[in-house]
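Here's a quick tour of a protein model, written for someone just getting started. Have a look at the picture, then read on.

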Amino acid sequence: MRRELKSLNGREFSLLRGVSLQLQIPLVRFSYSEILAATNNFSKGRVLGRGALSFVFRGKVGLLRTAVAIKRLDKEDKEASKAFCRELMIASSLYHSNIVPLVGFCIDPEEGLFLVYKYVSGGSLERHLHDKKVKGGVKGSPGLSWSVRYKVALGIAQAIAYLHNGTERCVVHRDIKPSNILLSSKKVPKLCDFGLATWTSAPSVPFLCKTVKGTFGYLAPEYFQHGKISDKTDVYAFGVVLLELITGRKPFEATRPPGEENLVLWAKPLLQKGKGAIEELLDPQLQCTLRNTTQIIQMIQAATACVSNEESRRPGIDEIIGILRGEEQPIYSNRKKSNFSGIIDCYPQLQRTKSEMNSHLALAMLGVSEFEDDDHLYCR
Ligand SMILES: Nc1ncnc2c1ncn2[C@@H]1O[C@H](COP(=O)(O)OP(=O)(O)O)[C@@H](O)[C@H]1O
Ligand SMILES: [Mg+2]
């Protein structure tokens, strides 16, 4: 790896010097001609998707013609090259059945930067939930059955738990949303897109950044308002995804009646109402049956806890998994029996917890990830 890097120009060498020291899983370094051959010269029919900074193409590589997704980033764009470095370093250190594996990369001084991922064939959750062509594809049947939605919720929660607590350093994804969740042919969910991901010293040790990146509609209030990032940023975004799975609605829909355009604002009073609101909340394509009611309630409880406005009262992802599985009672249930949703900001002021104190202390002793070269602390 290091020998290869020496042949790069100065800018790219410095860009990737850190990477060579930190790659943990062996990656294939592809040449640009291999990338061209794999994507049939980036033919239009191979486009899988596009994001703010990239185009993603379907391709085949190697003797075994392994199906891959090749993400092309513009090397001239500063944001794109930073996203490439983040993604290469972080994705190469991850190994989990609910995370799309990185296979390799290509750096070409003339043509750009490429990340090569294993191809996930079932399309994105965004497509399944919100694309009218896919939704209800088979006459009369729901686009995504309840059991798949529950499996997606649990799988992605496990991927997030792995990021936050399962590796040497806590990884905050920062862009959890349905277009970054892919489904395999067997509807196993896989988290992708680590272009905004960052390492933090530990879960619940927040740091501040100057520029708020991510996707509107999924941004936790403390991040949106104060640039404060921690594992709880992902928990909030995951809560919005849970609400999308439950309701089939997008985070913002201008075509909805007044008061219903913003999913979280619309859902919160309903979540407070308790079981009686299941019918109003549930995607009209789904039915609440004897078999799925318990899981629906568990997912509503988990979503409610995740979208709590106060970061310090938002549980960590392990607790959310417990709620999703029905193993853990949301804390409020000891206080407010007949209602499953009172967790939203219902704690009395005096309930300010030890973890909140810890968060404040942690904030006073901030640490910042080495990637955040433009996201310096406000108050060093
Ligand atoms: N490994 C993959 N397999 C199949 N499709 C993929 C894969 N990776 C990305 N895509 C498609 O490309 C889209 C954009 O990819 P993503 O990594 O999220 O890029 P961006 O950083 O530009 O948002 C995804 O929403 C998905 O539709
Ligand atoms: Mg994306």
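What percentage of the 380 residues of the protein count as buried? The answer is 40%. Keep in mind that this is a predicted model. It has 13 helices and 12 strands, and 66% of its contacts with a separation of 6 or more are between residues 24 or more positions apart.

**Helix H11**
- Let's start with H11, which runs over residues 293–306 and has 14 residues.
- From its first C-alpha to its last, H11 reaches 20 Å, close to the 20 Å expected at 1.5 Å a residue.
- H11 is mostly covered, with 10 of its 14 residues buried.
- Among those buried residues you'll find Ile296, Gln298, Met299 and Cys306.
- So who are the neighbors? The buried residues of H11 pack against helices H6 (146–165), H8 (231–247), H9 (263–273), H10 (278–281) and H12 (317–325).

**H6 and H12 together**
- Two packed helices are described by the angle between their axes and the distance between the axes.
- For H6 and H12, the angle is about 160° and the axes are 9 Å apart.
- That angle is over 145 degrees, so H6 and H12 are roughly antiparallel to each other.
- H6 passes H12 in a left-handed crossing.
- On the H6 side, the residues that meet H12 include Ala153, Leu154, Ala157 and Ile160, while H12 brings Ile317, Asp318, Ile320, Ile321 and Leu324.
- Sorted by class, the contact of H6 with H12 has nine nonpolar, three polar and one charged residues.

Notes. Residues are numbered from 1 along each chain as its sequence is written. Chains are lettered from A and ligands numbered from 1 in the order in which they are written. This is a predicted model: local features need pLDDT of at least 70, side-chain atom pairs count only at pLDDT 80 or more; totals for chains, interfaces and linings use all residues. Helices (H or I, at least four residues) and strands (E, at least two) are DSSP runs, numbered from the N terminus. The expected span of a helix is 1.5 Å times one less than its number of residues. A residue is buried if 20 or more other C-beta atoms lie within 10 Å of its own, exposed if 12 or fewer, and partly exposed in between; C-beta atoms are placed from the backbone. Two residues are in contact if their C-beta atoms, placed from the backbone, lie within 7 Å. Axes are lines fitted to C-alpha atoms, for helices over the stretch in contact, and angles run from 0 to 180 degrees between N-to-C directions. Angles under 35 degrees count as roughly parallel, over 145 as roughly antiparallel, 65 to 115 as roughly perpendicular and the rest as oblique. A crossing is left-handed if the near helix is turned anticlockwise from the far one by less than a right angle, and right-handed if clockwise. Ala, Val, Leu, Ile, Met, Phe, Trp, Tyr, Cys and Pro count as nonpolar, Asp, Glu, Lys and Arg as charged, and the others, Gly among them, as polar.
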